[in-house]
Amino acid sequence: MAAGLESPSIPVPEGASPGTPFAALHGLSKRFGGVQALDDVSLQLRAGEIRCLAGENGCGKSTLIKLLSGVLRPDAGRIEIDGDSHERLRPIQAIRLGIQVIYQDFALFPNLSVAENLTLPGLVEQRRFWVNRRSLRPAAAEALANLGVELPLDTTVGGLPVAGQQLVAIARALRQRARLLVLDEPTTALTHKEVEVLLGVLRRLREAGVAILFVSHKTREVLDLADSVSVLRNGRLVAGGAGSDFTPGSLAEALTGRSVGGLSPSPRADLQESDRAGPRIEVSDFSVPGGCSGIHLQVRAGEIVGLAGLLGAGRTALVQGLFGLNPQARGRVRVDGREVTPDSPEAAIGAGLAYVPEDRLSEGLFLNQSIERNIVVSTLRSLRGRWRMLKPAGVRSAAEAGVRQTGVRTQTVTQPVSTLSGGNQQKVLLARWLATGARVLILNRPTAGVDIGAREEIHARLRAFAADGLAILLISDELPELASLSHRVLVMHRGRVAVELEGNAVEEGNLALELDGLA
Amino acid sequence: MKPPGSWRHETVLAAVVVALMVGIGLVNPAFWTLANFFDLLKASVVTGILALGVLIVLISGGIDISFTAIAAFAMYVTCWISVSLGGEGSVLLGLLLAVGMGTGLGLINACFIGGLRLPTLIVTLGTAGVFHGFLLAFIGTEIINTLPPAYVRFSRWQGFRQTLSGGETIGLSVTVLALVAAAVIVGVLLRRTVLGRSIYALGGNPEAAHRIGIRVARVQFLIYGLVGGLAGLAGLIHAVMMRNANPSDLVGTELNVLAAAVLGGASIFGGRGSVAGTLLGVWLIVVLNNSLILLGVPSYWQRVWVGATIVVSTAISARRRSS
C-alpha cells in the first residue's frame, strides 16, 4: 500500500517558509461543568516544525484540538493565525486558514468512495453546485500520489483497513492546502510497520513546510519524531522544550507527574519448573475460514504467550474462534486436558476461557451501566439465591472484590463505567472475567488507548494473574509490551504462525526484525 | 463473471422483478397487456413520488413519518381552496399551492430537526399527528366530491391513446409525467450536485460532515422542505386521480412507502440508496399488489404477501451486505 515512498512531490503550501510561526495560542481556557478541561494554555506552532503534544488520557488534548479546529469556543484566550487574532474560529474558517485535524476516527465517510472522500471537502468549501464524479478521479489520484501511497479510488472507504483510512484522511487534509496538520493519537490502531510509514510521511511534510501538531501519549514516538514537545497534564502545560531536551524517563515523569521507575520494563517473571507440567490450553490444527489455518499452540499455567503480527495476520480471528465467536472455526481445543468445543461464548466460558476484546467500548463494556453490573454480568447465575433471584448483597460484595483484585480506582461500584478513565475501564473488564474463574485469559490489545501509569499497573496485574496459575494469551502491537510480558511470542502472518520466539529471543529488536521481514 | 455477492442491489432487484413478472404472466396472460401496464404505471405515481422523498431522508440518516400527513393536508386544503374559489380552477395553480404548502409543513419539521437538533423519528411522529389532527379538527372531515372541472379534465388526460379491438379505449395517464419529473430531479440532485453528495456524506458520518464544513442545519432544511414539497405534489395528484379529496386518505400508508424505499436498497441507517433502486422497489410492490388481484388472491392475503416480500428481500440484502 505504501510503495514508492522515495520521491513524492508534496505541494508546498503558499506562504510557508520553514520556521515562521503559523499559529499561536494565547492563554486558552475551557470549562465543562465542574471540570477545568484546559487552563491558560499557550503555545506556538511553526511551519516546518513537528510539535508533539504529549499527555495522558483526559489531560485536555482533545479539548485543545477542538478549540484549534473551531469545533468549540474558548472561555478565555485567543488564537492567532498568521498574525491575525481570533477569539473564536468557526470550523469552515479554520479549514480556510489551513488548519486540518486528523481525528482518531478520521472523520471519513465510510459509504463514499476513496475519490469522493478526497474531493468532497474541496467542493463544499468552494461552494460548488454541480459535481461530475468521474472528473474527481484524477484529482484524487494526484492527492494519493503526493503522499506516495496507492489506494483503490473506487472502493468505499469503509472497506479499507484502518491504516488505509488514515492515509486517505491525511491525503484529504493536504488537498485542503493544509498548513497546520493536527494528528490526534494517530498510531493507536496501527501496527509497527504502518507507524513507520506514517512517521516517514510526516517527516516529509515537515520538509515541505507544513506545521505539524502530533498528539500522543507514547513516549517513544514523541521522542522519535518531535522537534519540540509540550506536555499537558490536567489541562495545564507542565513542561515544554526541544525534543532533545527530554529523555524517556523525564518525559514519562512529566506526563504522569510521578516517577514511573524508569521506562525499562520490569523483568519477566521466570516460569516455575513445577508449572511446566501440562499445558493449560492446547490448540491443534485450528482454523477459521478467511482468518487463520493450521494453528498449533499451547499455553501452560503461569505462562504469558504473546501474539504478534501485522494488521490482518489472523490474530483476532484466531482468538475469536477460540472463544466461540465464529461458528465456522474448526480444530481441537483442550483445556486442562479436557476436550472442549468452543461453538459459542457460553461454551468457551464454561470451559474456563475468558476473552477481553479489542474494542472495549463497543464489544466489552456496557458504558452507561454501573461498574458493579459490568463486573457481575458474566457470573449472574452463581449469584442467585432463593427463588433464583439475585441477592443484592452478594452482587455488591462480588463487585467490590473484583474492584479490589484489579485495582479499579473508584469511590463506589455504583457509578457508570463511562465516568472512568480508559485504564480503569480495562480493569473493570478484567475483573469481570476473573470473576468467572477463568483458567485461560485471552487479551486483545489490552492497553490500546490506555495511559502509561495505568498501563504499568495493568501489566503488573497480568503478571500477578499468571503467577496465580492463569494461562494468558496476549495480542498486542506494542513491541515493548510484548517483550516485557511474554514468556514466548508467536509471530503470525497470513493466518499462520510464522515464527516462534522463546526465552531471551523475546526482545523488542528481534520482534521488530521479524515483523519487518514479513511485510 | 462477477460473483453474485458483488452485484449491485439494483441489479438483483431488477432480476427479481423480471422473474416475478414472467411468472405472473405465465399464470395469467392478462398481466402482459398494454392496458395492465398503463394501470400499473398509474398506480405507481403517488407511492413513487412519496418514496423519492423518503429516499432523500433515509440517505441523510433520518426518517420521516409525517410525509403522508403533509400530503393529505396539502391535498385537502388545496382542493378546498380551489372549490371555494369556484369557476374552472387551474391545475397548475393547484400544483403550486400543494407543493408550496407541503414545503412549508416540511420546513416546520426542519425547524425542529435542523434548528433544535431533535431526533427525526420523534419529531415527524409528533408532527404527523399535529398536521393530520389539525386538518381534521379545524379544516374539515367531509370528503370533497366535486373537484373543479379543470382537475377532472386533467385526470382524463392520457397519452398513447389507442382503441383496442373490443372497442375499449386505453391510454397512459399524464400524471406519470409527474413521477418521471420527480425522479429526474431527485436523481440529478443526489448524483450530480454537491448538495446531493453532502446528503450522502451526512448519512455516512454526520460529525464528519459538520467538520468538513457542510452546513448540516441548512442541508436538513433543504431535505425536509423538499420531502414536504414532494408530499404535497403526491397528495394533489392522488386527489386528481381519485376525483375527490378525502382527508383520511394516504395517512396510514407511510410504512408501505418506507418499505418500498428500503426494498429498493435505501439503508435505514443512512448513507445508502438510489433513485433507480427506489423506483424498482415501488414497482415491485405495485406489481405484487396488482397481480395478486389478477391471480384472485383475497385482499387480506395480499397484505401477508407484500409483508413477507419485504421481510425476505430485506433479509437477503442484509446477508449480502454482511458477507
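User: Which residue of β4(A) does A:A24 stand opposite?

Analyst: A:A24 stands opposite A:E80 in β4(A). Strands here are DSSP runs of E of at least two residues, and helices are runs of H or I of at least four, numbered from the N terminus. Strand β1 (residues 21–32) of chain A and strand β4 (residues 76–81) of chain A run antiparallel, joined by five bridges. Two strands pair if DSSP finds at least two bridges between them.

User: Before we go on, what kind of model is this, and how are residues numbered?

Analyst: This is a predicted model, in which local features need pLDDT of at least 70 and side-chain atom pairs count only at pLDDT 80 or more, while totals for chains, interfaces and linings use all residues. Residues are numbered from 1 along each chain as its sequence is written, with chains lettered from A and ligands numbered from 1 in the order in which they are written.

User: Which strand pairs with β4(A) over three bridges?

Analyst: That is strand β5 (residues 84–86) of chain A, paired in the antiparallel sense. Here A:I79 stands opposite A:H86. The hairpin has two residues between its strands, and A:D82 takes a positive phi near 50 degrees.

User: How should I read the order of an open sheet, such as the one of four strands in chain A?

Analyst: In a regular strand the side chains alternate between the two faces of the sheet. In this antiparallel sheet the order is β12-β11-β14-β15 (chain A). The edge strands, β12 (292–300) and β15 (338–340), each pair on one side only. Further in, β11 (residues 279–288) and β14 (residues 330–335) of chain A share five bridges, and A:E282 stands opposite A:R334.

User: How do I describe two packed helices, such as α13(A) and α14(A)?

Analyst: Two packed helices are described by the angle between their axes and the distance between the axes. The axes of α13 (residues 392–406) and α14 (residues 422–435) of chain A come within 9 Å and cross at roughly 120 degrees. Axes are lines fitted to C-alpha atoms, for helices over the stretch in contact, with angles from 0 to 180 degrees between N-to-C directions. That angle makes α13(A) oblique to α14(A); under 35 degrees counts as roughly parallel, over 145 as roughly antiparallel, 65 to 115 as roughly perpendicular and the rest as oblique.

User: What span should helix α12 of chain B have?

Analyst: The expected span is 1.5 Å times one less than the number of residues. For the 20 residues of α12 (residues 275–294) of chain B that gives 28 Å, and the end C-alpha atoms are 28 Å apart, which agrees. Just after α12(B), B:G296 takes a positive phi of about 75 degrees.
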